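Work through the exercises below with the sequence and the structure open. Each task is followed by a solution in steps.

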Amino acid sequence: MSISSVVKSIQDIMRKDAGVDGDAQRLGQLSWLLFLKIFDAQEENLEFEQGDAYKAPIPKKYLWRNWAADPEGITGEELLDFVNTELFPKLKDMPAPIRSNPRGFVAKEAFGDAFNYMKNGTLLRQVINKLNEIDFTNSAERHLFGDLYEQILKDLQSAGNAGEFYTPRAVTRFIVQMIDPKLGESIFDPACGTGGFLSCAFDHVKANYVKTAEDHATLQQQIHGVEKKQLPHLLCTTNMLLHGIEVPVQVKHANTLNRPLSSWDDDEQKNVIITNPPFGGTEEDGIEKNFPSEMQTRETADLFLQLIIEVLKDGGRAAVVLPDGTLFGEGVKTKIKKLLLDTCNLHTVVRLPNSVFAPYTSIKTNILFFEKGTPTKEVWYYEVPLPAGVKAFNKTKPMKLEDFAACADWWGEGKKQSVKAKRKSRVENEQAWKVSIEDIAARNYNLDIKNPHMVEQISHDPDELLVTYAHQQKNIQQLRDQLKTILSDALNG
């Protein structure tokens with residue numbers, strides 16, 4: 001049976017259980033089971049490598065092989081009782097110091113807020129037995145499952161809150177290729193979600209720069225992320241395990257914004273920051289107090305942009321997905337953009353088609369690429385068009401990496417010269433234009449600058465047409481009211 005069939009069978013079994021209600025709980029249930037199975041597959045490898053020196057990071061009784069691997073093992077009420085009264089409490093409360101037992105610490109963190117939703121022990125055993133059909137010690141199967149895992153993560157969308165969107169793989173891969181993280185550089189995503197950027201960066205460094213076992217050990221330490229919600233954090237940790245990070249202790253379960261901006265030390269600064277922070281949402285009361293008084297706001301994307309500027313090392317580089325609202329917004333947004341342009345070189349803004357995140361949102365988004373340490377002198381813009389014959393991306397036809405090909409070619413990546421030298425050879429074309437810092441300052445730091453080479457296109461999107469129609473009807477009514485007033489005044493006069 002194929003891996004996709006196994007996962008579909010698991011989801012079908014879970015739908016029969018009275019305790020599992022909807023995609024979020026189904027995914028939460030699958031996540032902790034996956035974590036324990038993948039964790040144990042790595043433990044088997046470590047035990048083989050270390051021999052007599054091996055010490056289990058969690059009590060051996062709770063390793064997958066000792067309670068779940070046998071298809072004829074405990075089931076029904078006995079299985080439910082074991083999971084609810086032993087497995088979960090012990091993993092949540094076990095002593096696991098991060099320094100002396102880092103893998104135990106990872107397991108404890110993963111189970112901190114996890115929950116067993118299933119109420120039928122027989123169905124739970126069926127799910128476990130289905131999972132046992134996947135061999136995570138087999139690198140080929142692990143690789144195949146890695147691809148499928150990304151599809152599983154998309155199920156989180158239906159349970160997500162406003163402003164939280166799965167970043168399409170094409171966007172993460174394009175960003176990582178343009179940023180080109182190197183071996184030894186600290187890589188950070190302050191709102192890492194399920195780990196799309198981190199896993200993509202890990203794969204990029206591994207494929208391009210890792211040559212020895214020492215290099216691989218270095219890469220293991222490079223990846224850093226923070227995620228405040230339990231389920232995405234558990235999914236991210238599992239994602240890191242799948243990609244071969246043995247001890248993903250650098251993926252923390254916390255809110256990056258929940259500490260004063262001034263408290264970030266120099267040794268916490270990072271070489272590379274790649275992220276798609278939540279936007280359109282607001283932070284809880286009090287979070288804004290962690291930021292300078294003149295920069296305080298509850299808009300999540302604005303707070304993250306400030307944090308990224310602060311945490312990026314001098315000479316470090318960042319790529320951030322942000323909505324149009326950040327580009328044209330005023331007030332605190334203007335101050336944050338001025339800070340960005342004064343302290344960093346915002347060298348490129350890639351404008352994405354408005355359906356990249358469809359069907360989850362039609363908000364128009366951009367990728368801001370910048371380097372810290374020198375002020376901006378000019379900003380290059382590149383507008384990525386929809387492919388020929390495509391009116392909009394959607395769930396079944398998402399954006400692909402090749403849709404960025406013209407932009408990557410214009411950028412110059414992949415040629416044997418420095419990144420900055422590549423950017424010097426840029427030229428304007430129908431999709432690309434540049435704007436001086438003087439012009440941007442004169443616009444009160446409004447970065448929402450339209451493509452001067454494009455004539456205004458007529459939209460055939462029904463939602464947009466309805467909005468336009470309503471606006472026109474409102475204007476017509478206002479004109480009618482004005483005419484009535486004029487006629488009434490004339491008759492009375």
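Helices, at least four residues long, and strands, at least two, are DSSP runs numbered from the N terminus. The model used here is a predicted one. Its chain has 493 residues, 50% of them buried, and its secondary structure comes to 18 helices and 9 strands.

**Exercise 1. Placing Thr167**

Task: State where Thr167 lies, decide whether Thr167 is buried or exposed, and list what Thr167 touches.

Solution. 
- Step 1. Locate the residue: Thr167 sits in the loop between helix H7 (139–154) and helix H8 (169–179).
- Step 2. Compare its accessible area with the cut-off: buried means under 20% relative accessible area. Thr167 has 12%, so Thr167 counts as buried.
- Step 3. Leave out residues up to four places away in sequence; Thr167 then touches Thr172, Phe197, Asn276 and Phe357.
- Step 4. Look for a polar contact: the side chains of Thr167 and Asn276 are joined by one of 2.9 Å.

**Exercise 2. Describing the largest cavity**

Task: Find how many cavities of 30 Å³ or more there are, then describe the lining of the largest cavity.

Solution. 
- Step 1. Recall what the search does. Rolling a probe the size of a water molecule over the atoms shows where empty space is left.
- Step 2. Count: there are 3 cavities of 30 Å³ or more. The volume of the largest cavity is about 60 Å³.
- Step 3. List the lining: 11 residues line the largest cavity, and Met178, Ile179, His347, Glu371 and Arg423 lie nearest its centre.
- Step 4. Assign the lining to elements: H8, strand E5 (312–323), strand E7 (365–372) and helix H16 (419–424) each give two or more residues to the lining of the largest cavity. The largest share, 3 residues, comes from E7.
- Step 5. Sort the lining residues by type: 7 are nonpolar, 1 is polar and 3 are charged.

**Exercise 3. Explaining the setting of H6**

Task: Why is H6 described as largely enclosed by the rest of the structure?

Solution. 
- Step 1. Count burial: 8 of the 11 residues of H6 are buried, and therefore H6 is largely enclosed.
- Step 2. Name the buried residues: Gly121, Leu123, Leu124, Arg125, Val127, Ile128, Lys130 and Leu131.
- Step 3. Find what surrounds them: the buried residues of H6 pack against helix H1 (3–15), H2, helix H3 (64–67) and helix H4 (76–93).
- Step 4. Inspect the start of H6, where a side-chain oxygen of Asn120 comes to within 2.9 Å of the backbone nitrogen of Thr122.

**Exercise 4. Tracing the contacts of Asn451**

Task: Which residues does Asn451 touch, and where does Asn451 lie?

Solution. 
- Step 1. Asn451 lies in the loop between helix H17 (437–442) and helix H18 (462–492). Asn451 is buried, with a relative accessible area of 7%.
- Step 2. Not counting residues up to four places away in sequence, Asn451 touches Glu383, Glu430, Gln431 and Trp433.
- Step 3. Glu383 is 68 residues from Asn451 along the chain, and their C-alpha atoms are separated by 7.3 Å. Their side chains make a polar contact (3.3 Å).
- Step 4. The side chain of Asn451 also reaches the backbone oxygen of Glu430, at 2.8 Å.

Conventions: Residues numbered from 1 in each chain as written. Predicted model: local features only at pLDDT ≥ 70, side-chain atom pairs only at ≥ 80, totals over all residues. Heavy atoms only, no water. Buried < 20%, exposed > 50% of the residue type's maximum accessible area, 1.4 Å probe, protein only. Polar contact = N/O pair within 3.5 Å; in protein donor to acceptor, adjacent residues only side chain to side chain. Contact = heavy atoms within 4.5 Å. 1 Å grid on protein atoms, 1.4 Å probe; cavity = no way out; pocket = protein on both sides within 12 Å on 5 of 7 lines; lining within 4 Å. Points joined across faces, edges and corners; volume = space filled by probe spheres on them. Nonpolar A, V, L, I, M, F, W, Y, C, P; charged D, E, K, R; others polar.
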